[in-house]
Amino acid sequence: VLDLLAGLGRFGAFAWRVAWRILTPPWNSEDFFRHAWTVGIRCVGPVLAVTFPFGLVISLQGLAIFDLFGAQRLLPSLISVAVIRELSPVLASVLVAAQAGSSYAAELGAMRIKEELDATEVMAVDSLRWHVAPRVAALMLVCPLLNTLGDVAGLCGGFVMAVGVKGENAGVFMANLWSFVHVFDLVGGLIKTMVFGAIIGLVACFHGYYATGGAAGVGKGVNDTVVRATLAFFAANYVLTSAFFGAGG
Amino acid sequence: MTAVLAWLGGLAWFFVDWARASLRCRPPPGQTFAEAYKIGVQSLPVLLTISAFVGTNLALQGYNAFVPLGGQHLVGMFVALAGVRELAPLIAASMIAAKAGTEMASQIAVMRTREQIDALEVMAVNPYWWLITPRLYGILLVMPALSLIAVFTTLFTSYCASVYQLGLNPSTFLQFARQATHLKDLATGEVKAIVFAVIICFVSCYCGFFSEKGPEGVGKATNRAVVVSCVICVTFNYLVSQVLYG
């Protein structure tokens, strides 16, 4: 337990130092855009490949429920609420944690093992500002964008299942799609994913930055990154969901 | 596109190679249970935490979706259907992929980097048999149990959230939850768990087995292992659901 607390404390200090470097100039904007671009490109495929089948499945199971009441026309409302509020932010973030988080941990870990980070420090370049801050900031930008794409893909999945496979009426589907969704749901999803992006970036860079023990150490860091980042943002998700859409909503 | 197809073909050949090497032999003695212990017991805390949060969120979102229709009492049904049929097995799979799958990938990739796999071959030990068989049998042993644990944790926490946070009636919740789910749904979850276990094991081991050497190679293999196994698991989840409920 003491180890756990010590680790959390170090993580807190690390997060604070990185946050400070994100907020104050000079910014390493070139690396920021480069990271945002590569992460975005590498995560688009997985995010779409996961949210689309998920839309199919919700539609399939939702129809099974609503058939009992003869309320098939409520299906699109359920799909849009579920996808936009919860599923797309969570799934997009899981994949970003798996894809981008682990690659950050691997990159920084390899740099630490090869003493490249020490070399940067020796050259009087602040390695947190130069290497870590642009990565975290890039994830905070890319996560909401991927979430938006995930929304679209999930809704497409729902549409394909309901209209294409089950033969519901396309006009009815489109008419009911937006009946329960407010702009606030979209914004809430974007805020959520931004927070998740920050969490994932910080956890990943923390594990990479303090990697020890050669190739095996890097592997272990990557492993821990995915698990801990996922844990952290699922916990954050519960808190944020309660806050945005909680019992009063 | 061709790269993806080539990769999948490689995975298929990997499976064939493994089957040829291992199906007729007994697994390496003693290792299967060690792997099962490692995969099962070490993943348990993570799995419990994640499925607890999935349960609470499911209840919150279900409540929000049904309140405009005046159907708060349906939350129990929604949670039971969504949790038991789809989410809990899938969440269990993605956490096992993140925890045990990455560990398999990074261990095997490290062995590749240190040329220990070549050393095994030099000693006339079949690496497929020695490295993959115990992991596969281990994950097959524990995965159904982990999936069941995830199902019940999800149900329990969503019950807690609905009753204590949202103030729903406990007996209505239980009644609707019981009405919605049957033994068949649990069995489907188990089928899914077994399918996911095979996918996770082979994808992770494949990524590790053919990784590039050096720290970046290990990192990349581990990275790819999680992403690809999650994507394939979600796709198969759809296929299994379509076949069984479609």
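The structure is a predicted model, in which local features need pLDDT of at least 70 and side-chain atom pairs count only at pLDDT 80 or more, while totals for chains, interfaces and linings use all residues. Residues are numbered from 1 along each chain as its sequence is written, chains are lettered from A in the order in which they are written, and side-chain values use heavy atoms, with hydrogens and water left out.

A cavity is here a set of points, on a 1 Å grid over the protein atoms alone, where a 1.4 Å probe fits but cannot get out, and its lining residues have an atom within 4 Å of a point. By this rule there are 6 cavities of 30 Å³ or more, where a volume is the space filled by probe spheres set on the points, which are joined across faces, edges and corners.

The largest cavity has a volume of about 590 Å³, and among the 34 residues lining it, Phe54(A), Leu87(A), Leu58(B), Ala82(B) and Leu87(B) are the closest to its centre. At least two lining residues come from each of α2, α3 and α8 of chain A and α2, α3 and α8 of chain B. This lining comprises 26 nonpolar, 6 polar and 2 charged residues (Ala, Val, Leu, Ile, Met, Phe, Trp, Tyr, Cys and Pro count as nonpolar, Asp, Glu, Lys and Arg as charged, and the others, Gly among them, as polar).

The second largest cavity holds about 80 Å³ of space, and α2 and α3 of chain B each supply at least two residues of its lining, which divides into 3 nonpolar, 3 polar and 5 charged residues. Included in this lining are Glu35(B), Lys38(B), Lys99(B), Glu103(B) and Arg135(B).

Note on methods: On a 1 Å grid over the protein atoms alone, a cavity is a set of points where a 1.4 Å probe fits but cannot get out, and a pocket is an open set with protein on both sides within 12 Å along at least five of seven lines; lining residues have an atom within 4 Å of a point. Helices (H or I, at least four residues) and strands (E, at least two) are DSSP runs, numbered from the N terminus.
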